[in-house]
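Subject: A structure to look at, with notes

Dear colleague,

I am passing on a structure that I would like you to read alongside my notes. Please open it first, and then follow the description below with the model in view.

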Amino acid sequence: MLEKLLKNAHVAYKVIDEDNGYKLVKVNSKLHILYLYRKGNQFLMERDLFEYLDGNSIPYSILCHDISKNTIYYLKLNKKVNWVKSCFATCDKDELFLGKNVLNARITQEQFVEEMKKI
């Protein structure tokens, strides 16, 4: 879904990594997007993906896709200080449940495309 949206909007992107349930995409060489997809709205972020994103010089965000309802959630994160960073800093877990923050970040596909065109 993410690649289709970017392609249709004529936004340059490159898939950096992918596995079951996620893709890591670089948009216009200016933003990393961690695309998480699953049935339902309970999303987990792995520590190693976070460390890659946080250790990289470009900003990052998270796009979550509930494929059962075709609903998307877009989390724009501040590179220096954000709630994901502070959660991983205060625990030793290998995965972080994104929880309520996802549900409060619902966005339409059209709104997401407009955000990507600004990059």
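Glu115 touches Tyr74 and Lys76, leaving aside residues up to four places away in sequence, where contact means heavy atoms within 4.5 Å. Glu115 and Tyr74 are 41 residues apart in sequence, and their C-alpha atoms are 9.9 Å apart in space. Glu115 lies in helix α5; helices (H or I, at least four residues) and strands (E, at least two) are DSSP runs, numbered from the N terminus.

Before going on, please keep in mind that this is a predicted model, in which local features need pLDDT of at least 70 and side-chain atom pairs count only at pLDDT 80 or more, while totals for chains, interfaces and linings use all residues. Residues are numbered from 1 along each chain as its sequence is written, and side-chain values use heavy atoms, with hydrogens and water left out.

The sheet

An open sheet of six strands runs in the order β1-β2-β3-β5-β6-β8, with mixed pairing; two strands pair if DSSP finds at least two bridges between them. Its edge strands are β1 (13-19) and β8 (106-107), each of which pairs on one side only.

Strand β6 (residues 71-76) is joined to β5 by six bridges, and the two run antiparallel. Within this pairing, Leu63 stands opposite Tyr74, and Ile62 has Leu75 as its bridge partner. β5 and β6 form a hairpin with four residues between them, and Asn70 in the turn has a positive phi of about 50°. Two bridges join β6 to β8, again antiparallel, and here Tyr73 has Arg106 as its bridge partner. Five of the six residues of β6 are buried, so this strand is largely enclosed by the rest of the structure; buried means under 20% relative accessible area, exposed over 50%, and partly exposed in between (1.4 Å probe, protein chains only).

The helices on the sheet

Helix α2 lies across β1, β2, β3 and β5, running at about 160° to β3. Helix α5 (residues 109-117) packs on the sheet as well, touching β2, β3, β5, β6 and β8, and its direction makes about 35° with that of β6. For these angles, axes are lines fitted to C-alpha atoms, for helices over the stretch in contact, and the values run from 0 to 180 degrees between N-to-C directions.

In α2 (residues 47-55), the residues Arg47, Leu49, Phe50 and Leu53 are buried. Seen down the axis of α2, these buried residues fall within an arc of 160°, so they line one face of the helix; the arc is that of the directions from the helix axis to the C-beta atoms. They pack against β2 (22-27), β3 (31-38), β4 (44-46), β5 (60-66) and α3 (83-89).

The cores

The largest nonpolar core has 21 residues, of which Leu34, Leu36, Met45, Ile62, Cys64, Val84 and Leu98 touch the most other members. A nonpolar core is a set of buried Ala, Val, Leu, Ile, Met, Phe, Trp, Tyr and Cys residues joined through side-chain atoms within 4.5 Å. At least two residues of this core come from each of β2, β3, α2, β5, β6 and α3. Apart from it lies another core, of 17 residues, including Leu2, Leu5, Leu63 and Met116.

Aromatic pairs

The structure holds four aromatic pairs; rings of Phe, Tyr and Trp (its six-membered ring) pair if their centres lie within 6.5 Å, and planes under 30 degrees apart count as stacked, over 60 as edge-to-face and the rest as tilted. One of them, Phe50 with Phe88, is stacked, at 5.0 Å centre to centre and 25° between the planes. This pair links distant parts of the chain, since Phe50 is in helix α2 and Phe88 in helix α3, 38 residues apart. Tyr74 and Phe112 form an edge-to-face pair, at 5.2 Å centre to centre and 75° between the planes. Because Tyr74 lies in strand β6 and Phe112 in helix α5, the pair ties together parts that are 38 residues apart in sequence. Tyr74 is buried, with a relative accessible area of 9%, and Phe112 is buried at 0%.

With best wishes
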